[in-house]
Protein chains: 2
Amino acid sequence: MRVMIIGAAGMLGAKLSKQIAAGAVPGATELTLVDRVAPDPVTSVTCTSHAADLGAPGTAEELAALKPDLVFHLAAVVSGQAEAEFDTGYAVNLDASRALFEALRASGTQPRVIFASSLAVYGPPFPDVVPEDFGLRPASSYGTQKAMTELLLADYSRKGFLRGTSLRLPTVSIRPGLPNAAASGFLSGILREPLVGQTANCPVPDDTKVWIASPDITVAGLAHAAALPWEHIAPHPVLNLRGICVSVGEMLATLEAEAGADARALVTHDPDPAIARIVQSWPEAFVTDTAEALGFPVNGGFASILREYQAEFAAAP
Amino acid sequence: MRVMIIGAAGMLGAKLSKQIAAGAVPGATELTLVDRVAPDPVTSVTCTSHAADLGAPGTAEELAALKPDLVFHLAAVVSGQAEAEFDTGYAVNLDASRALFEALRASGTQPRVIFASSLAVYGPPFPDVVPEDFGLRPASSYGTQKAMTELLLADYSRKGFLRGTSLRLPTVSIRPGLPNAAASGFLSGILREPLVGQTANCPVPDDTKVWIASPDITVAGLAHAAALPWEHIAPHPVLNLRGICVSVGEMLATLEAEAGADARALVTHDPDPAIARIVQSWPEAFVTDTAEALGFPVNGGFASILREYQAEFAAAP
């Protein structure tokens, strides 16, 4: 089976590439990695790496001509950029996705397509726990583009042009790497930085609850969707992936339990009302009965998320 | 105030033109009617009529150059055609709408835009009464295109490029004119035909419930949205218009009460499982608290809908 990952140079794409090379999607024999800069190839399977801009004329057709049986579409302009650059956001997040679906339709091969969507398709006001049939009311251009692409993919699937599934990812924590300017960045930073002896600020009250999944579980969810028999997942063109609802206070208590009081003491509490307002406008928890019934994985708790991060990135401080 | 109606040659567009000429939108002094065939002009206000295809290159820009203060966007390929002609449906219902929004954005005038959307944005399974925050799960390309356009218009409004409102219309009954092939066609035909002494078939059981509004109330709803102060309607970029939930049996009992047993006897009951399946897959009723709070009109009952039709079309049989 030929597998293609578009957006393979990103954090999730790189991890997915490795998981597939390690057998996460049974039957995957060839792997094509695509991003605007050529992604690092992985071993264990036949792997080719392409530098290509999905939004450039002809790119979608060139990728479809490779006849992938399974496409992971992770490429996107992130929310901050989509909000600041309106036309770029629509060009990349909507138009390039549509060009991909259209090229795959024209290829006539009905590939499976796994599209990484986002909880940004929702907007306030929310109930405490968001039901699976809750309305789409995005509060950002990014969320609008993800919602429109979900709808488009579902229609292409309904018509039999391809076999698509949109997965709405929880906030991913703990992200490796450097701090970034995302409003959610501190949800990784307040763990990642203290684990290597650096300070980090927590800009929200300790009782702030968030909906998160670890990088490994998130990527395992993408692979699980691809590995499910089509007839099992076809009735669910859009799925909320499983996450855990955890308060920032619980995250910090876990940090102390796992890495000691010294580590926790590196976290400052300088309130940032702007960030608090954004983060508190996100839903705290979702019903994910469908994903559970389909066997999608979930983190066992925040301690296991912290240990996953330590095992991979902080093993040798 | 310059008002533009795109799709002004249709049943609702023509009626809206007349209602605006009669004062339904206070301050409307100029009316520009647009459709692929030039609509009939109306009197009482300065009125111009244009034959133009919104999907043709340059048309959206030409219309935006007229600097309308208020645009009713009613133009669409209907559901049957959108399902049969996939590319045409997206070109007209999505791309042409986007071209219009983009041209209005470029004009820098922030016009009010009233977009006629549809309950086809919803798909089964439904609760008995669909709540206002129910998810979008269209079961047709038409519904997908309407949902995508709603999302797009809301994002353009959120960004301040224009001031848009999407209104989801109930099934419109009683439609004048000839029978058509729409699955919902009988919901007009079983009244319209007997009122002029012709037979009509009812293909569904009498206890089938539907969500309807009369043509006058539907058009009054479009005009009401435009006449509301922007700050009142801005928080609600998408609204379900008010309808009434009525069974087919109640519709026929009203026909008998208003037009006699002879009229009702002209209705045959030859079941059509295909039509029954489609109609019974539609929601029976919606929560419309927001539209009610905003003062949108609603029919008083099916008898008033029948009398409205008789007064306009069947006065002189």
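In strand S10 of chain A, A:Ala213 is the bridge partner of A:Val172. This is a predicted model, in which local features need pLDDT of at least 70, side-chain atom pairs count only at pLDDT 80 or more, and totals for chains, interfaces and linings use all residues. Residues are numbered from 1 along each chain as its sequence is written, while chains are lettered from A and ligands numbered from 1 in the order in which they are written.

S8 and strand S10 (residues 209–213) of chain A run parallel and are joined by 2 bridges. Two strands count as paired if DSSP finds at least two bridges between them. Strands in a sheet pair through backbone hydrogen bonds, either parallel or antiparallel. Here, 3 strands of chain A make an open sheet with mixed pairing, in the order S8-S10-S12. Strand S8 (171–172) and strand S12 (244–247) of chain A are at the edges with a single partner strand each, so one side of each has no neighbour in the sheet.

**Chain A as a whole**

Chain A has 13 helices and 14 strands; helices (H or I, at least four residues) and strands (E, at least two) are DSSP runs numbered from the N terminus. Its radius of gyration, taken over C-alpha atoms, is 19 Å, close to the 20 Å of the globule rule for 317 residues, so chain A is as compact as a globular protein of that length. That rule is 2.2 Å times the number of residues to the power 0.38. Here are some values for chain A:

| Property of chain A | Value |
|---|---|
| Box filled by the C-alpha atoms, along the principal axes | roughly 60 × 45 × 40 Å |
| Residues that count as buried, of 317 residues | 48% |
| Contacts between residues 24 or more positions apart, among those with a separation of 6 or more | 75% |

A residue is buried if 20 or more other C-beta atoms lie within 10 Å of its own, exposed if 12 or fewer, and partly exposed in between, with C-beta atoms placed from the backbone. Two residues are in contact if their C-beta atoms, placed from the backbone, lie within 7 Å.

**Two domains**

By an automatic or database domain assignment, chain A is divided into domain 1 (2–169) and domain 2 (170–213 + 243–284 + 300–317). The centres of these two domains of chain A, taken over C-alpha atoms, are 27 Å apart. Their contact takes 9 residues from domain 1 of chain A and 10 residues from domain 2 of chain A.

**Two copies**

Chain B superposes on chain A by a rotation of 180 degrees with 0.0 Å of shift along the axis, giving an RMSD of 0.0 Å. The two copies are thus related as by a two-fold rotation axis. The superposition is by least squares on the C-alpha atoms of residues with pLDDT of at least 70 in both. Which residue of chain B comes closest to the rotation axis? That residue is B:Gly135, with its C-alpha at 1.8 Å.

The contact takes 14 residues from chain B and 14 residues from chain A. Helix H5 (residues 141–158) of chain B gives the most to the side of chain B that touches chain A, with 7 residues.

**One residue to look at**

B:Thr46 is found in strand S3 (residues 46–51) of chain B. B:Thr46 counts as exposed because it has 12 C-beta neighbours inside 10 Å. Leaving out residues up to four places away in sequence, B:Thr46 touches B:Thr29, B:Glu30 and B:Leu31.
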